[in-house]
Amino acid sequence: QLQLVESGGGLVQPGGSLKLSCAVAGFTSNRYTIGWFRQAPGKEREDVACISPRGLFTNYAGSVKGRFTISRDNAKNTVLLRMNSLNPEDTGVYYCAGARDLEVGVACRMPTNYNYWGQGTQVTVSS
């Protein structure tokens, strides 16, 4: 079983930055691929980024590539999402999710492949 708790959301102006954290708890948490997803009002949940269990491989959605960075520190049981150059289209509830030994490629970008989810943290980009 895996427990995930997101934090770090808030209100930021366009062009600004935020750092989201996902605290991961579970006996074998370092065996889990972690993904970040977001959902804007009235829209489907979409992938943002994912990272392999040991942090060696990452994958990003095209809309965030070059602006967002996903990383993890298994010693601290934390996965970070650093977001730069934010724009209003980045607004939404951000979720982290976990799936054991999930391939970091097409599969890790599909929310249906994840078994465990956090409660989400709101990110609002507005002037």
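This is a predicted model: local features need pLDDT of at least 70, side-chain atom pairs count only at pLDDT 80 or more; totals for chains, interfaces and linings use all residues.

**Tyr32 and Tyr116**

- The ring centres of Tyr32 and Tyr116 are 6.1 Å apart and the planes meet at 70°, so this pair is edge-to-face; the cut-off for that class is an angle over 60 degrees.
- Because Tyr32 belongs to strand S4 (residues 32-39) and Tyr116 to strand S10 (residues 116-117), the pair ties together parts that are 84 residues apart in sequence.
- Tyr32 has a relative accessible area of 7% and is therefore buried.
- Tyr116, at 23% relative accessibility, counts as partly exposed.

**Tyr95 and Trp117**

- An edge-to-face pair is also formed by Tyr95 and Trp117, with 6.3 Å from centre to centre and 80° between the planes.
- Tyr95 lies in strand S9 (residues 92-100) and Trp117 in strand S10, so that this pair links distant parts of the chain, 22 residues apart.
- With a relative accessible area of 13%, Tyr95 is buried, whereas Trp117 is partly exposed at 28% relative accessibility.
- Tyr95 and Trp117 belong to one aromatic cluster together with Phe37 and Tyr114.

**Arg45 over two rings**

- The charged end of Arg45 sits over the ring of Tyr95, at 3.9 Å from the ring centre.
- Arg45 also lies over the face of Trp117, where the distance to the ring centre is 4.7 Å.

**Nonpolar cores**

- The largest nonpolar core comprises 26 residues, and those with the most contacts inside it are Ile34, Trp36, Leu81, Met83 and Tyr94.
- Two or more residues of this core come from each of strand S3 (18-25), S4, strand S5 (46-51), strand S7 (68-73), strand S8 (78-83), S9 and strand S11 (121-125).
- The greatest contribution to this core is that of S3, with four residues.
- Neighbours within four places in sequence aside, Tyr94 is in contact with Glu6, Leu20, Trp36, Phe37, Arg38, Val48, Phe68, Leu81, Met83, Gly120, Thr121 and Val123.
- Another core, of eight residues, lies apart from the largest one; among its members are Ala99, Leu102, Ala107 and Cys108.

Key. Residues are numbered from 1 along each chain as its sequence is written. Side-chain values use heavy atoms; hydrogens and water are left out. Rings of Phe, Tyr and Trp (its six-membered ring) pair if their centres lie within 6.5 Å; planes under 30 degrees apart count as stacked, over 60 as edge-to-face and the rest as tilted. Buried means under 20% relative accessible area, exposed over 50%, partly exposed in between (1.4 Å probe, protein chains only). A charge sits over a ring if NZ of Lys or CZ of Arg is within 6 Å of the ring centre and within 35 degrees of the ring normal. A nonpolar core is a set of buried Ala, Val, Leu, Ile, Met, Phe, Trp, Tyr and Cys residues joined through side-chain atoms within 4.5 Å. Contact means heavy atoms within 4.5 Å.
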